[in-house]
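Please examine the sequence and the structure shown below.

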Amino acid sequence: MSRRAAGLKAWLLQRLSALYLALFGAVLAVRWWLAPPTDHAALRAWIAPSWVMLGLLLCIPLLAAHAWVGARDVCMDYLRPAALRLAALTGIALLLTGAALWAWRALLLAGLRV
Amino acid sequence: MIKVAGQPTRDKVFALAPRACQSANARGNLPFMQTIPHRPQSDRPVFLDLWRIRLPLPALVSILHRIAGVMLLLALPLCAVLLDWALRDAQGFAAVATLLGHPLFQPFALLLLWALLHHLFAGARLLLLDLGWGLARGEARRSARLTLLAALALTPPLWAWFWLASR
């Protein structure tokens with residue numbers, strides 16, 4: 001992953017994912033602001049439209065990639081020696097993978113049970 | 001009048017300026033590092049009293065962008081778990097609502113909301129800078145000030161709105 005997410009490609013991935021996350025996040029925020037779901041059924045109905053569900057499912061890997069590129073830059077800039085940097089990067093990779101899989105599973109299960 | 005710290009010796013300076021700092025310096029996060037002489041022969045005065053070095057506003061916004069990003073990264077597992085609970089069943093939703101509405105959680109809510117807003121605004125500013133907009137020093141300082149103040153100013157009202165809307 002770190003080998004592929006480097007240089008210009010990583011820079012571009014970071015910018016494009018940022019654009020998507022900011023725009024889709026703004027749409028969701030406005031939608032939430034107009035009618036905040038106040039119970040479980042309302043929340044399920046809120047994420048039920050396919051554009052919301054698909055948008056969220058796309059959000060998760062893009063957010064993980066965006067966070068990974070940023071975290072990698074931060075670790076390379078500030079963490080020394082190399083063993084500490086490797087440990088931090090490993091921890092962050094596990095954390096991001098775990099969180100992304102967890103969120104994906106939660107969304108898919110909620111989508112299947114509608 | 002504060003007494004100016006003595007000049008560190010050259011060895012100390014190079015110990016204080018590992019390559020990690022220099023790469024951050026290239027991005028403008030540590031602009032004071034520019035005072036480090038690159039030629040060992042140089043006898044220019046060096047001043048590295050970190051508590052007395054004032055970051056220019058764009059550098060402050062930049063380093064806060066990174067700090068906010070790390071804060072948001074650390075919050076992601078919690079967000080994933082809360083999303084799972086809230087979507088699972090009514091009891092889970094109630095548990096998430098209780099946690100998010102708990103008074104002890106509010107300092108974290110404010111901090112994370114600020115981090116999100118600052119990261120968003122500072123990131124938008126960076127995208128505009130990438131497009132070549134606002135590169136002049138005066139404009140860069142003004143947009144940095146706007147970014148900093150907008151995130152700070154919008155955090156309390158947005159938090160208050162969430163608080164009221166979730167009651």
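**Briefing on the predicted model**

F24(A) counts as buried because its relative accessibility is 9%, below the 20% cut-off for that class. The structure is a predicted model, not an experimental one. Chain A and chain B bury about 2,600 Å² between them, and a search of the whole structure finds five aromatic pairs over all chains.

**Aromatic rings in chain A**

- A pair of aromatic rings is described by two quantities, namely the distance of the centres and the angle of the planes.
- The ring centres of Y20(A) and F24(A) are 5.6 Å apart and their planes lie at 10°, so this pair is stacked; the angle that counts as stacked is under 30 degrees.
- Both Y20(A) and F24(A) belong to helix α1 of chain A, which covers residues 7–34. They are four residues apart, about one turn of the helix.
- Y20(A) counts as partly exposed, with a relative accessibility of 22%, whereas F24(A) counts as buried at 9%.
- One aromatic cluster is formed by Y20(A), F24(A) and W51(A).

**A charge over a ring**

- The charged end of R31(A) sits over the ring of W46(A), at 4.8 Å from the centre of that ring.

**The interface of chain A and chain B**

- In this interface, 35 residues of chain A are in contact with 30 residues of chain B.
- Of the area of about 2,600 Å² buried between the two chains, 69% is on carbon and sulfur atoms.
- H40(A), D77(A) and Y78(A) supply 22% of the area that chain A buries against chain B, which is more than any other three residues.
- Three salt bridges are found across the interface of chain A and chain B.
- Seven residue pairs are found in polar contact across the interface of chain A and chain B.
- Helices α1, α2 (40–47), α3 (50–78) and α4 (82–113) of chain A each supply at least two residues of the side of chain A that touches chain B.
- With eleven residues, α4(A) gives the most to that side of chain A.

- D84(B) is located in helix α3 of chain B, which comprises residues 57–88.
- With a relative accessible area of 4%, D84(B) is buried.
- Leaving aside residues up to four places away in sequence, D84(B) touches W102(A), R105(A) and A106(A).
- D84(B) forms a salt bridge with R105(A), in which the closest N and O atoms are 4.0 Å apart.

Terms used:
Residues numbered from 1 in each chain as written. Chains lettered and ligands numbered in written order. Predicted model: local features only at pLDDT ≥ 70, side-chain atom pairs only at ≥ 80, totals over all residues. Heavy atoms only, no water. Phe/Tyr/Trp six-rings, centres within 6.5 Å; stacked < 30°, edge-to-face > 60°. Buried < 20%, exposed > 50% of the residue type's maximum accessible area, 1.4 Å probe, protein only. Lys NZ or Arg CZ within 6 Å of the ring centre and 35° of its normal. Contact = heavy atoms within 4.5 Å. Buried area = accessible area lost by both parts, 1.4 Å probe. Salt bridge = Lys/Arg side-chain N within 4 Å of Asp/Glu carboxyl O. Polar contact = N/O pair within 3.5 Å; in protein donor to acceptor, adjacent residues only side chain to side chain.
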